[in-house]
Amino acid sequence: MAPLADFTGPNYIDDWIAHLDSLWPERELIRQHLVEAIAVWQETTSLQAISLLELGVGNGKLALDILHRLQAHTTHLSYMAVDINGDLLHAALAEIHRGLPACATTALLGDLNDPAILRDQPQMDLVFSLQTLHDLHGLVALRGVYEALYQLLSPGGLLVNADFIVPFEKDDASNPRRFPVDVHHSILEELGFTEFTSQTEGKLACMTARR
Ligand SMILES: C[S@@+](CC[C@H](N)C(=O)[O-])C[C@H]1O[C@@H](n2cnc3c(N)ncnc32)[C@H](O)[C@@H]1O
């Protein structure tokens, strides 16, 4: 996989995302599962205002798609993005301002290996993430993020994490970062999340749980 730093030119972020899509074509189906899971969740809530948090933003296009769909049944939307890369945060929020100017946005620049960055943030109704949490330092970091999200989410809120569920050859076997669905399921259940679901496509799974 070529890192973002290998891409140049005015569309370098979109080109990088297209590269990820070409490496793992299952990302398209996974995005569809993620969006569908959120639509199903929205049908079960009567929230008029929805606060949304994305972990690891990419180019912001997935968030914009989700926000557009939520908008049809919601009077107020707010979106917060967390990323370790300030350029990605800037580009993702610009994408949302262009596509949905009425949406309130907040960027949080920080490293999710330190879940304290998620503390003292406003309560969220919906948290989603695509192909990001495997970038953290390992199981302790993943659990730390899940624990912080349990505190952050409103009762009945939805967590959707889509990520790799099989190890890669280059991974350090003594400190894995990509975990099977069962591992995510047991951590989430242990923390108090309920109604776990998962849909697997290739090396990725879209996993959901409710607060
Ligand atoms: C592989 S990209 C996925 C981007 C986008 N979600 C997608 O799938 O199209 C991983 C994202 O997570 C962010 N990221 C990686 N490590 C991170 C960390 N430790 N803390 C916060 N964000 C991180 C990257 O900057 C990038 O936006």
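Helices (H or I, at least four residues) and strands (E, at least two) are DSSP runs, numbered from the N terminus. Residues are numbered from 1 along each chain as its sequence is written. What you see is a predicted model, where local features need pLDDT of at least 70 and side-chain atom pairs count only at pLDDT 80 or more, while totals for chains, interfaces and linings use all residues.

**View 1. The segment before H1, with Pro10.** Pro10 sits in the segment before H1. Is Pro10 buried or exposed? Pro10 counts as exposed, because it has 7 C-beta neighbours inside 10 Å. (A residue is buried if 20 or more other C-beta atoms lie within 10 Å of its own, exposed if 12 or fewer, and partly exposed in between; C-beta atoms are placed from the backbone.) Leu64 is 54 residues from Pro10 along the chain, and their C-alpha atoms are separated by 20 Å.

**View 2. The whole protein.** Here you can pick out six helices and seven strands, which follow the pattern α-α-β-α-β-α-β-β-α-β-α-β-β along the sequence. The C-alpha trace spans about 45 × 45 × 30 Å along its principal axes. A compact globule of 211 residues would have a radius of gyration near 17 Å, and the 16 Å of the protein agrees with that. (The radius is taken over C-alpha atoms, and the globule rule is 2.2 Å times the number of residues to the power 0.38.) Of the 211 residues, 37% count as buried. Take the contacts between residues at least 6 apart in sequence: 74% of them join residues at least 24 apart. (Two residues are in contact if their C-beta atoms, placed from the backbone, lie within 7 Å.)

**View 3. Around the ligand.** How many residues surround the ligand? There are 18, and the closest are Gly56, Gly58, Ile84, Leu112 and Asp135. (Being near means that the C-beta atom of a residue, placed from the backbone, lies within 6 Å of the molecule.) Helix H1 (12-23) and strand E2 (76-83) each supply at least two residues of this shell. Sorted by class, the shell has nine nonpolar, six polar and three charged residues. (Ala, Val, Leu, Ile, Met, Phe, Trp, Tyr, Cys and Pro count as nonpolar, Asp, Glu, Lys and Arg as charged, and the others, Gly among them, as polar.)

**View 4. Helix H4 and its two sides.** In H4, the buried residues include Leu88, Leu89, Ala92, Leu93, Glu95 and Ile96. They cover an arc of only 150 degrees around the axis, which puts them on the same side of H4. (The arc is that of the directions from the helix axis to the C-beta atoms.) Over on the other side of H4, Gly86, Asp87 and Arg98 are exposed. The cover over the buried residues includes H1, helix H3 (61-71), E2 and strand E3 (104-109).

**View 5. Helix H2 and what covers it.** H2 (residues 26-43) has 18 residues and reaches 26 Å from its first C-alpha to its last, close to the 26 Å expected at 1.5 Å a residue. (The expected span is 1.5 Å times one less than the number of residues.) Among the buried residues of H2 are Arg27, Ile30, His33, Leu34 and Trp41. Their cover includes H1, H3, strand E4 (124-130), strand E5 (153-164), E6 and strand E7 (204-210).

**View 6. The loop with Phe193.** Phe193 lies in the loop between helix H6 (181-191) and strand E6 (194-201). Phe193 is buried, with 22 other C-beta atoms within 10 Å. Leaving out residues up to four places away in sequence, Phe193 touches Tyr150, Leu159, Leu188, Ala209, Arg210 and Arg211.
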